[in-house]
Amino acid sequence: MATKSELIEGLESVVRESRRIADALSPDDWAKAVDMDGWTGTQVLAHVAGVGTIVPMFITAIANAPAGTDAMGGTGNIDNMNAGIVAARAGKSVAELVDEVATAYGAIIDFVRNAPDDLLLQLGS
């Protein structure tokens with residue numbers, strides 16, 4: 001199991017790398033399809049930003065779910081959830097998405113920093 005410090009460093013890396021990549025790519029690069037599902041770079045960044053907004057809720061749900069239950073709270077089809085996360089951010093600029101990554105992952109960092117040690121050690125189903 002990773003330590004709180006290791007988790008925080010990994011989360012800080014997401015923010016740093018989002019900024020670095022945003023600065024390195026041109027608008028044309030962001031518009032290109034970059035994965036096998038055909039998502040563009042902007043859509044991937046929108047996904048990263050959006051996931052960052054729901055992580056604390058999922059960590060708490062998974063940690064507190066009784067064994068054998070749906071620890072993800074009935075989110076259903078993960079592809080539909082991911083598509084909704086991206087669609088909710090359609091039209092945002094790369095700069096806006098990078099700011100959302102920084103804000104969302106900053107909140108996750110605070111959550112991890114302040115979470116009781118036993119919460120992060122619990123196993124969910």
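**Entry 1. Val15.** I started with Val15, which is found in helix α1. Helices here (H or I, at least four residues) and strands (E, at least two) are DSSP runs, numbered from the N terminus. The model is a predicted one: local features need pLDDT of at least 70, side-chain atom pairs count only at pLDDT 80 or more, and totals for chains, interfaces and linings use all residues. Residues are numbered from 1 along each chain as its sequence is written, and side-chain values use heavy atoms, with hydrogens and water left out.

Is Val15 buried or exposed? Val15 counts as buried, because its relative accessibility is 10%. The cut-offs I used: buried is under 20% relative accessible area, exposed is over 50%, and partly exposed lies in between (1.4 Å probe, protein chains only).

Next I looked up the contacts of Val15, where contact means heavy atoms within 4.5 Å. Leaving aside neighbours within four places in sequence, Val15 touches Val101, Ala102 and Tyr105. I also checked Glu100. Val15 and Glu100 are 85 residues apart in sequence, but 9.6 Å apart in space, C-alpha to C-alpha.

**Entry 2. The whole chain.** I stepped back to count elements. The chain has six helices and zero strands. From the N terminus on, the order reads α-α-α-α-α-α. Of its 125 residues, 30% count as buried. The C-alpha atoms fill a box of roughly 45 × 30 × 20 Å, taken along the principal axes. I then looked at contacts between residues at least 6 apart in sequence: 74% of them join residues at least 24 apart.

**Entry 3. Helix α1.** I checked the length of α1, residues 4-24. The expected span of a helix is 1.5 Å times one less than its number of residues. For the 21 residues of α1 that should give 30 Å, and the end C-alpha atoms are 30 Å apart, which agrees.

Which residues of α1 are buried? They are Ile8, Leu11, Val15, Ser18 and Ala22. These cover an arc of only 85 degrees around the axis, so they lie on the same side of α1. The arc is that of the directions from the helix axis to the C-beta atoms. On the other side of α1, I found Ser5, Asp23 and Ala24 exposed. The buried residues of α1 pack against α2 (27-31), α3 (41-64) and α5 (94-114).

**Entry 4. Helix α5.** I repeated the length check here. The 21 residues of α5 should span 30 Å at 1.5 Å a residue, and the end C-alpha atoms are 30 Å apart, which agrees. The buried residues of α5 include Leu97, Glu100, Ala104 and Ile108.

Ile109 is buried, with a relative accessible area of 9%. Leaving aside neighbours within four places in sequence, Ile109 is in contact with Ile8, Leu11 and Glu12. Ile109 and Lys4 are 105 residues apart along the chain, yet their C-alpha atoms are separated by 9.2 Å.

**Entry 5. How the helices cross.** Two packed helices are described by the angle between their axes and the distance between the axes. Axes are lines fitted to C-alpha atoms, for helices over the stretch in contact, and angles run from 0 to 180 degrees between N-to-C directions. Angles under 35 degrees count as roughly parallel, over 145 as roughly antiparallel, 65 to 115 as roughly perpendicular and the rest as oblique.

- α1 and α5: the axes come within 10 Å and cross at roughly 175 degrees. The two are therefore roughly antiparallel. Among the residues that meet are Leu7, Val14 and Arg19 in α1 and Val98, Ile108 and Val112 in α5.
- α3 and α5: the axes are 9 Å apart, at an angle of about 20 degrees. That makes α3 roughly parallel to α5. Their crossing is left-handed.
- α3 and α4 (residues 78-87): the axes come within 8 Å and cross at roughly 110 degrees. The two are therefore roughly perpendicular. Their crossing is right-handed. The contact includes His47, Val51 and Phe58 of α3 and Met81 and Ile85 of α4.

A note on handedness: a crossing is left-handed if the near helix is turned anticlockwise from the far one by less than a right angle, and right-handed if clockwise.

**Entry 6. Pro66.** Last, I looked at a loop. Pro66 sits in the loop between α3 and α4. Pro66 counts as exposed, because its relative accessibility is 52%. Pro66 and Val94 are 28 residues apart in sequence and 39 Å apart in space, C-alpha to C-alpha.
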